[in-house]
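Have a look at the model before reading on.

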Amino acid sequence: MTAATHSTLFPQVPDSADAVLDGLDPEQREVATALQGPVCVLAGAGTGKTRAITHRIAYGVRAGILQPSSVLAVTFTNRAAGEMRGRLRQLGAQGVQARTFHSAALRQLQYFWPKAVGGSLPRLVDRKIQLVADAAAACRIRLDRGELRDTVAEIEWAKVTQTVPADYAPAAVKAGRAAPRDPAEIAQLYTVYEDLKRERAVIDFEDVLLLTVAVLQDRHDIADQVRAQYQHFVVDEYQDVSPLQQRLLELWLGDRDSLCVVGDASQTIYSFTGATPDHLLDFRVRHPGATVVKLVRDYRSTPQVVHLANGLLAQASGRAADHRLELVSQRPAGPEPVYTEYADEPAEAEGAARRIRELTGAGVPASEIAILFRTNAQSETYEQALADAGVPYQLRGAERFFDRPEVRKAITELRAAARFGRNDALLDDTVDLHSQVRAVLSGAGWTPLPPAGSGAVRERWESLAALADLARAFAAVKQDATLGDLVAELDERAGAQHAPTVQGVTLASLHSAKGLEWDVVFLVGVADGMMPISYARTGEQIEEERRLLYVGVTRARELLQLSWSLTRSPGGRPGRRPSHFLDGLRPGSGSAAGRAPAGASGGGVERGRVTAAGAAAPVPRRTQRSPARCRVCGRSLTEAGEMKLMRCEDCPSDMDEGLYERLHEWRAEQARLSGQPPFCVFTDKTLVAIAETVPEGDGELARIPGVGVRKLRRYGTDVLAICAGREPDGAAAGE
């Protein structure tokens, strides 16, 4: 780890208000010093908006213009709020409240509820799906799992747009909502859902905002008390504000105008939840005297990536497109985006995994690589491909770093060592902070070398390794630091959720990737029907899909790879085509719009993979197979899980339960011997398929999806022995 990284992890607190402004570009400095009246910051991707607004708050606090306790900064995710708190702490602006809308509202509601209503606040339910299921049962409406999830989404949309059940049906039709059932049925479910909440004395997350709005509207004394507490407001990601959140913000403000909003209409990707960029685009209408600052200097991405991003928006239409920002890269030239076509989705996943393995082998950290897809259902194919390639990965959306059990346990042990270290034999031979931390973490399961494979074991090791790396950086910056100092630093970081980076390729949907960035990004499934998604029908919906692709492109710092497949499964009819969003942008698509910026090297279309010499290699020809069909009913199979089972999920299983149990026990032993999670041996569905078909030879076993040549060679003898009722020889894990 270099000194530059140390200074990033533990920067020195600026010694004065003016020092807070050091390093800001002219537009960022304009944001930081505009402390009076309404301010609107239009910030493109990678332009340093979080840097600008945190330096604005810190400059105001350090200059004595803003009182820390009077500032409320709101954003949309706990991660973003934690990052903002961490940056403010590093700038010497402790005491500023940085929260999500829901967190800020819940805090106020809990405090004022006894005064406004009496008694304690009703219990907050984490998930609505059980309540919606109960409402459906009460209405005698049968909903499958997908319909339940979609009904939950409809109720959430109705509440954030302040639509009551009686008005849902016409409002849904007007908004072009694709409801899972007749709008009248959804309205009925919505009504009963609200009745059940009242009967059970519970509230949901949308109620937190609705009830806070109601209290502030009805109780002027409480509204005055809140406004006396908070006098300056900063709203990040303002393009994603819903009508309900805008109403809450207006009630917080009252008749004042000390408001700074930051957003980019071209990154509006949550319209389906009720978000709208209208509040951002109409800011000057509501605040005629507002200061407007545009941030367009892109510090994240190379000119080649920025060129593609600008090209995507240049073809856009609609109101957001009329206010698009033309980004200007501030980085040196890099490689052209790579466009790759594959025969089918498994080949696309294998190609991505193969290329990632090459990159990590060449020294690119796995944590600086991401695979981004349109829907979560695409994840399984890439998880399997990475596991088969021996590449560690992490799914975006997993629990937060400091909430992980192994991290909590490690910090507890570090705290105990800090208090009672003199009596701890583990620390007898340690000479400095870093060696002390390594000794304590070794007792928690950390080893200098990572375990083989991926999965839960590797994830735990990566978490502890991240703590070890953080301790090394801390010790390098603060040479006289003690274990107690490190524990205090970890406690502060846990409070701000300022987590160290965990190694592993990130798998994430485009929506969950918002606000993140990596050196290398693979955008997969970039074909019409997936991007834009097939159910995007209206012009507005298709333009939102374009913005979603723009968000994906702008996650990449240096290397961007876009790929698509001609069909879903091997042997399928090749009827797909690359996303029309790329028309005129990818080389060979027939327009000069795809030319590289001046001074950049030319690009090329890669089909399949790139050879070591850099030349394009053709897609390997695969043996054409007929479409997979259910062996019970004969229907064509399209879902990955069904293809592994070789039958529809709903078709009856003829599985040999005893054989499945023996296979399950054998897999657990193989995983233990090889130090891998069990799914790296065979997934559960592959085991079920084996137990159902009971293969008698290599050919029958090889035809089961999820086996493949490598696993057949490694595990085939054992599996066939178990299927024949014999004991396996047990040699597989040691090969």
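Which residue of β15 is the bridge partner of Ile 369? The partner is Val 520.

Before going further, a word on the ground rules: this is a predicted model, in which local features need pLDDT of at least 70, side-chain atom pairs count only at pLDDT 80 or more, and totals for chains, interfaces and linings use all residues. Residues are numbered from 1 along each chain as its sequence is written, and side-chain values use heavy atoms, with hydrogens and water left out.

**Around β15**

Helices (H or I, at least four residues) and strands (E, at least two) are DSSP runs, numbered from the N terminus. Two strands pair if DSSP finds at least two bridges between them. Strand β15 spans residues 518-523, and six of its six residues are buried, meaning under 20% relative accessible area with a 1.4 Å probe, protein chains only.

| Strand pair | Bridges | Sense |
|---|---|---|
| β12 (residues 369-373) and β15 | four | parallel |
| β15 and β16 (residues 556-565) | five | parallel |
| β2 (residues 71-75) and β3 | four | parallel |

Leu 523 has Leu 562 in β16 as its bridge partner. From β15 the chain crosses through helix α24 (residues 539-553) to β16, in a right-handed β-α-β crossover; right-handed means that, with the strands pointing away from the viewer, the path from the first strand over the helix to the second runs clockwise.

**The six-stranded sheet**

An open sheet has six strands in the order β3-β2-β6-β7-β1-β8, with parallel pairing. Because β3 (97-100) and β8 (291-295) stand at the edges with a single partner strand each, one side of each is left without a neighbour in the sheet. Neighbouring strands of this sheet are turned by 15 degrees against each other on average, direction ignored. Val 74 stands opposite Arg 99 in β3. Helix α6 (residues 101-116) packs on the sheet and touches β2, β3 and β6 (232-235), contact being heavy atoms within 4.5 Å. The direction of α6 makes about 105 degrees with that of β3. Axes are lines fitted to C-alpha atoms, for helices over the stretch in contact, and angles run from 0 to 180 degrees between N-to-C directions.

**A helix pair**

Helix α3 (residues 26-33) and helix α4 (residues 49-62) pack at an angle of about 40 degrees, with their axes 7 Å apart. The contact includes Gln 28 and Val 31 of α3, and His 55 and Tyr 59 of α4.

Methods: Buried < 20%, exposed > 50% of the residue type's maximum accessible area, 1.4 Å probe, protein only.
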